Amino acid sequence: MSKLVIVESPAKAKTIKKYLGEDYNVIASMGHIRDLPKAQIGIDIENNFKPRYINIPGKSKLIKELKERAANSETVYLATDPDREGEAISWHLAHILKLDITQQNRVTFGEITKKGIKEGMDNKRTIDNDLVDAQQARRILDRIVGYKLSPFLWKKVKGGLSAGRVQSVAVKLIVDRHREIERFIPQEYWNIDATLSPIGAAKKFKARYWGTDGKKVTVLNEKQAEKIKEESEKSKFVIEKITRGERKRAPAPPFTTSSLQQEASRRLGFTASRTMRAAQTLYEGVEISGYGTLGLITYMRTDSLRISDEAYMSAKEFIGKEYGDKYVPTFRRTYKTKNNAQDAHEAIRPTNVDITPAVAYGSLQGDVAKLYKLIWERFMASQMVDSIQETVSVDISAENHIYKATGYTVLFDGFTVLYEEQTDEKKEKETALPPLENGTKLKLKEMEAQQKFTQPPSEYTEATLIKALEENGIGRPSTYAPIISTIIERGYVERNAKKLVPTALGITVNDVLRAQFSDIVDIKFSADMESRLDKIEEGSAEWTTVLQQFYDVLSADLTRAEKEMDGQKVKVPEIVTDEICEICGKHMVIKTGRYGKFLACSGFPECKNTKRIVKYAPGVCPKCGRKILVLSSKRGRTFYACENSQECGFMSWEEPTDKVCEICGSTLFKKSTKGAQPHCIKEGCANCTVAPISAKGKTVQEKEETSKKKTTRGRKNKIEKE
């Protein structure tokens with residue numbers, strides 16, 4: 001009889017089967033096989049919060065197969081993911097298959113490689129009941145909040161609403177930031193820049209006004225700016241002081257789940273969900289030419305910054321061989337993990353540093369290739385030496401006024417030869433300075449005074465929201481992506497470009513919850529609840545006690561809220577548009593329904609006219625000359641299509657501009673990449689800078705290659721799915 005290994009996904013099963021050999025059968029459970037019922041709360045609150053689990057509808061055939069396979073196997077090993085969710089799936093499998101949970105039949109893989117699988121199989125253990133209890137507690141907490149608060153919102157706001165524990169806190173953060181921006185009052189200030197050069201030299205540089213008579217001055221208005229400018233223009237510019245220094249920049253640590261999602265958002269424009277889909281593929285296994293099928297990265301749900309001794313030595317050897325010994329630190333780099341981190345797994349890193357992005361290039365495509373390159377470069381850079389820069393700060397006098405210029409020169413590139421982290425903060429630009437000496441007289445080339453205004457904080461992006469959630473202790477590595485997806489799907493938040501903006505519905509629901517359930521949406525309260533869940537996992541807290549404490553607070557808030565809002569109903573403000581109803585002449589308003597936003601007559605219910613919201617891009621279709629629609633794919637990615645889609649069929653990921661081609665007069669398009677220039681994509685135009693486009697917005701070459709594999713309908717569906 002063979003041995004049976006049960007994992008979650010077919011891709012993971014395929015990779016593991018390759019390494020375990022013929023003595024093992026590997027099958028996928030396709031995620032959870034048991035859960036709380038959908039149509040009812042499924043929790044006996046009075047009986048110590050006992051959950052009632054049922055087999056997930058639609059999985060009866062799979063469960064039957066699992067039972068048959070288990071009955072005909074010598075041993076059954078549960079090899080689901082190494083986290084709370086994975087432990088719970090194994091626990092449910094053990095109950096359905098009637099396995100002895102006191103036996104060592106649980107195995108986990110930090111990486112899906114020959115080494116990782118051998119280590120997992122060599123370190124079998126029993127199911128960790130503390131991990132299971134922590135997952136159960138989180139699931140029951142969220143179910144209680146959903147089933148107790150949602151009906152309240154139906155009565156007091158509108159039907160069909162739902163409330164989530166951590167999701168409500170995320171919405172609160174977004175609403176608070178939005179209101180902070182609305183309250184912000186810009187303050188005027190002026191920058192005064194002098195363009196200077198050493199007398200007799202051609203090299204120019206800029207210096208900015210700093211202050212007068214040795215005191216720093218903020219220029220607040222045009223009159224003040226013009227006075228300083230005029231006085232400076234009549235003055236002699238002389239270098240009073242040069243300060244030279246040296247600074248070292250250390251590399252960023254290898255990725256955690258949170259930092260990976262943030263950097264993929266900033267650098268690649270990925271949503272958190274899109275990042276995790278690609279990371280899951282890299283972890284579970286990919287076919288690499290010359291290496292076979294293997295997992296390319298370690299487990300991707302982690303908050304740890306640790307790396308193994310073997311990974312450290314591999315990176316050190318590779319860096320020395322490829323870049324030289326001067327790029328290898330003389331000490332082992334270690335990074336401090338945050339205090340509230342679970343630290344259960346290594347940081348996210350490549351499983352084999354020799355599989356560089358260039359080596360994997362031919363085997364990986366799309367998001368998976370981009371994300372692997374990001375992970376590989378970040379990890380390797382984290383093990384390299386510091387970058388060293390020489391800094392120069394120059395104080396320049398213009399009579400009693402002082403101007404300053406700063407710059408730097410790279411003395412040694414260090415880790416930046418491979419990778420530099422992007423940040424959300426705007427850095428002050430430093431000027432490239434010519435050789436300068438104390439007492440040098442400078443020639444004024446130009447003086448410029450610019451009016452500026454202080455800026456409010458930016459709306460949250462996915463990257464900055466994840467950072468805020470992590471810093472406040474809200475959620476854990478596996479929850480960031482679902483939190484964002486859920487609040488968008490529920491219509492509480494929408495993406496505007498990359499910004500997360502609260503909707504009128506989101507603001508209304510947030511105001512009701514924070515007024516009546518201040519504990520539930522309180523950041524500290526939620527962070528404390530996460531800490532309690534961690535204590536359950538550690539075995540230092542009883543899960544039913546934690547649930548009871550939470551339920552007592554929620555129950556008291558709910559009783560008071562029902563009393564205070566008895567007979568009241570809060571109306572969600574409608575957004576009135578300039579669109580006029582062609583039936584009754586009243587203004588149309590924006591409403592949100594089951595399938596998203598639409599226009600409805602403000603005269604409802606007397607007038608029931610509705611229509612879809614149409615957004616047009618600048619320019620016209622390069623194929624037929626009709627208007628171009630701005631559309632969104634199911635994954636939230638913007639694309640552009642001809643309004644006459646059935647006959648014309650033009651579609652493109654590139655953005656239309658208001659510029660036209662000098663030769664053919666067709667609309668110019670530009671890619672979303674930073675610094676991309678508008679270009680012509682009109683088929684047959686001599687000015688076209690890319691291959692001719694097809695009716696589906698692809699090049700003719702791409703179309704010919706794709707047609708060998710997919711039908712026209714398949715190509716269209718690909719855009720919709722994307």
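**Helix packing, cysteines and a loop residue**

Reader: What does the secondary structure of the chain come to?

Author: The chain has 19 helices and 29 strands. The model is a predicted one.

Reader: What does the C-alpha trace span along its principal axes?

Author: The span is about 95 × 75 × 60 Å.

Reader: And how much of the chain is buried?

Author: Of the 722 residues in the chain, 48% are buried. As for contacts with a separation of 6 or more, 67% of them are between residues 24 or more positions apart.

Reader: Start with α1. Which of its residues are buried?

Author: Helix α1 covers residues 10–20, and its buried residues are Lys12, Ala13, Thr15, Ile16 and Leu20.

Reader: What covers them?

Author: The cover over the buried residues of α1 includes the strands β1 (3–7), β2 (24–28) and β13 (292–294), together with α4 and α9.

Reader: What follows α1?

Author: Gly21 does, and its phi is positive, near 90°.

Reader: You mentioned α9. At what angle does it pack with α14?

Author: About 140°, with the axes 8 Å apart; α9 is residues 272–284 and α14 is residues 480–489. The two helices are therefore oblique to each other. Their crossing is left-handed.

Reader: Which residues meet there?

Author: From α9, Ala272, Ser273 and Met276 meet Ala481, Ile484 and Ser485 of α14. By class, the residues of this contact are four nonpolar, two polar and no charged.

Reader: Now α9 and α12. How do their axes cross?

Author: At roughly 80°, and the axes come within 9 Å; α12 is residues 366–382. That angle makes α9 roughly perpendicular to α12.

Reader: Which residues make the contact?

Author: On the α9 side they are Arg274, Thr275, Ala278, Ala279, Thr281 and Leu282. On the α12 side they are Asp367, Val368, Leu371, Tyr372 and Ile375.

Reader: How do the residues of the contact of α9 with α12 divide?

Author: Seven are nonpolar, two are polar and two are charged.

Reader: Change of topic. How many disulfides does the count come to?

Author: The count comes to zero disulfides.

Reader: How far is the nearest cysteine sulfur from Cys624?

Author: It is 3.4 Å away and belongs to Cys642.

Reader: Is Cys624 buried or partly exposed?

Author: Cys624 is partly exposed, at a relative accessible area of 36%.

Reader: Last one, Gln103. Where is it found?

Author: Gln103 sits in the loop between α3 (84–96) and α4 (114–122). Gln103 is partly exposed, with a relative accessible area of 46%.

Reader: What is Gln103 in contact with, leaving aside neighbours within four places in sequence?

Author: Arg125 and Thr126.

Reader: What separates its C-alpha atom from that of Glu542?

Author: The C-alpha atoms of Gln103 and Glu542 are 23 Å apart, and the two residues are 439 residues apart along the chain.

Note on methods: Residues numbered from 1 in each chain as written. Predicted model: local features only at pLDDT ≥ 70, side-chain atom pairs only at ≥ 80, totals over all residues. Heavy atoms only, no water. Axes fitted to C-alpha atoms, helices over the stretch in contact; angles between N-to-C directions. Helix = DSSP H or I, 4+ residues; strand = E, 2+ residues; numbered from the N terminus. Parallel < 35°, antiparallel > 145°, perpendicular 65-115°, else oblique. Left-handed = near helix turned anticlockwise from the far one by under 90°. Contact = heavy atoms within 4.5 Å. Nonpolar A, V, L, I, M, F, W, Y, C, P; charged D, E, K, R; others polar. Disulfide = S-S within 2.5 Å. Buried < 20%, exposed > 50% of the residue type's maximum accessible area, 1.4 Å probe, protein only.
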